[in-house]
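Biologist: I am new to this structure and would like a friendly tour. Could we look at it together and take one question at a time?

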Amino acid sequence: MAKLELRELGNTGLKLSCVGFGASPLGNVFGTVSEEEANASVREAFRLGINFFDTSPYYGGTLSEKVLGKALKALGVPRDNYIVSTKCGRYAEGFDFSADRVTKSIDESLARLQLDYVDILQCHDIEFGSLDQVVNETIPALQKLKEAGKIRLIGITGLPLGVFTYVLDRVPPGAVDVILSYCHHSINDSTLEDLIPYLKSKGVGVISASPLAMGLLTESGPPHWHPASPELKSACQAAAAYCKEKGKNISKLAMQYSLSNKDVSSVLVGMNSVRQVEENVAAAVELATAGKDEETLLEVEAILKPVKNQTWPSGIQQS
């Protein structure tokens, strides 16, 4: 089988697999995942060429980090064979971007992950904190962790794209290595593309998460708490039904749409089973060898055109 493509992450020198393993489902966020299933998923992902694993202390109230840590340890391979990203600032008990909290946070995360360092530490969902605190206090604290060798790279994540420019315009060049954006590089919302030239000019690597728009671009549809408008939900439902009628799968189409932009280093997608891992890797390999299904994509884009780039406000919590 063709190997998964590796892509440069900005100016960092790291090469990420174009498909990244989102480990939030390992925290039982979308239903229970057994330890065996978690280990098997991570093992299969690594075997098929996925080298990038992303988690957060927030996912499953620290469970995701613990489960991922065990699964990576069970691989029994040298530490430099995989890239681990975790987050700080968002926890089950709330948000805290203070220097003190994020400094403690990395030690807690490293213990749960059973690692000496993480490759990327990202400030998690910064729109919920004070952006000026992130600029003046959080990122300087993370720079000290970098000097101490506990982290290699510093990142920021959030839903509104404006948070990235706000922070990057106010920190010294090179202070932030990577951004993680979600739900803005999928068939129904491609607004991240407008920001890419700016991010490149800042030398920042780009990771895009949630190519399926948190479940909108799936046959089964989004979870009940999904914050999209009724119009957006029904348009996505119609697009999914159209694909199914044609014998196509909207999730595969969505994944390939997101993967086809080479300026995005990795498309991060939550996975909780060997089957999901295999489907995502197969979509990437098929894209690399045969290209994407332009005809179906055009039809789906036409269905979604009335709701294109319609986003939702941050802050709607899963319940």
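**A guided tour**

Biologist: Is Ala213 buried or exposed?

Modeller: Buried means under 20% relative accessible area and exposed over 50%, with partly exposed in between (1.4 Å probe, protein chains only). Ala213 has a relative accessibility of 0%, so this residue counts as buried.

Biologist: What kind of model are we looking at?

Modeller: Residues are numbered from 1 along each chain as its sequence is written, and side-chain values use heavy atoms, with hydrogens and water left out. Local features need pLDDT of at least 70, side-chain atom pairs count only at pLDDT 80 or more, and totals for chains, interfaces and linings use all residues, as this is a predicted model.

Biologist: What value is phi of Ala213 near?

Modeller: Helices (H or I, at least four residues) and strands (E, at least two) are DSSP runs, numbered from the N terminus. Ala213 sits in the loop between strand 11 (205–209) and helix 7 (230–245). Most residues other than glycine have a negative phi. Ala213 is not a glycine, yet its phi is positive, near 55°.

Biologist: Which other residue has a positive phi near 55°?

Modeller: Look in the loop between strand 8 (118–123) and helix 4, where Asp125 is placed. Asp125 counts as buried, at 5% relative accessibility. A positive phi near 55°, in a residue other than glycine, belongs to Asp125.

Biologist: Which residue of strand 9 (residues 151–158) does Asp125 touch, besides Gly158?

Modeller: Contact means heavy atoms within 4.5 Å. Leaving aside neighbours within four places in sequence, Asp125 is in contact with Arg90, Phe95, Phe97, Thr157, Gly158 and Tyr182. The one placed in strand 9 (residues 151–158) is Thr157.

Biologist: What is the relative accessible area of Thr157?

Modeller: Not counting residues up to four places away in sequence, Thr157 touches Lys87, Gln122, Cys123, His124, Asp125, Ile126, Glu127, Phe164 and Leu180. Thr157 is buried, with a relative accessible area of 2%.

Biologist: How far apart are the C-alpha atoms of Leu180 and Val84?

Modeller: Leu180 is in strand 10 (residues 178–182) and is buried, with a relative accessible area of 5%. Among its contacts beyond four places in sequence are Asp54, Lys87, Ile156, Thr157 and Leu268. Leu180 and Val84 are 96 residues apart along the chain, and their C-alpha atoms are separated by 14 Å.

Biologist: Which residues have the most contacts inside the largest nonpolar core?

Modeller: A nonpolar core is a set of buried Ala, Val, Leu, Ile, Met, Phe, Trp, Tyr and Cys residues joined through side-chain atoms within 4.5 Å. The largest one has 70 residues, and those with the most contacts inside it are Val19 and Phe21.

Biologist: How many residues are in the second, separate core?

Modeller: Among its members are Leu14, Leu217, Ala240 and Val300. This second core is separate and has 36 residues.

Biologist: Are helix 1 and helix 2 oblique or roughly parallel to each other?

Modeller: Axes are lines fitted to C-alpha atoms, for helices over the stretch in contact, and angles run from 0 to 180 degrees between N-to-C directions. Angles under 35 degrees count as roughly parallel, over 145 as roughly antiparallel, 65 to 115 as roughly perpendicular and the rest as oblique. Helix 1 (residues 35–47) and helix 2 (residues 63–75) pack at about 55°, with their axes 9 Å apart. Helix 1 and helix 2 are therefore oblique.

Biologist: How many residues of the contact of helix 1 with helix 2 are nonpolar?

Modeller: The contact involves Glu35, Ala38, Asn39, Val42, Arg43 and Phe46 of helix 1 and Val67, Leu68, Lys70, Ala71, Leu72 and Leu75 of helix 2. Ala, Val, Leu, Ile, Met, Phe, Trp, Tyr, Cys and Pro count as nonpolar, Asp, Glu, Lys and Arg as charged, and the others, Gly among them, as polar. One residue of this contact is polar, three are charged and the nonpolar ones number eight.

Biologist: How are helix 8 and helix 10 oriented to each other, oblique or roughly perpendicular?

Modeller: Ile250, Leu253 and Tyr257 in helix 8 meet Thr296, Leu297, Val300 and Glu301 in helix 10. The axes of helix 8 (residues 250–259) and helix 10 (residues 294–304) come within 11 Å and cross at roughly 95°. Helix 8 and helix 10 are therefore roughly perpendicular.
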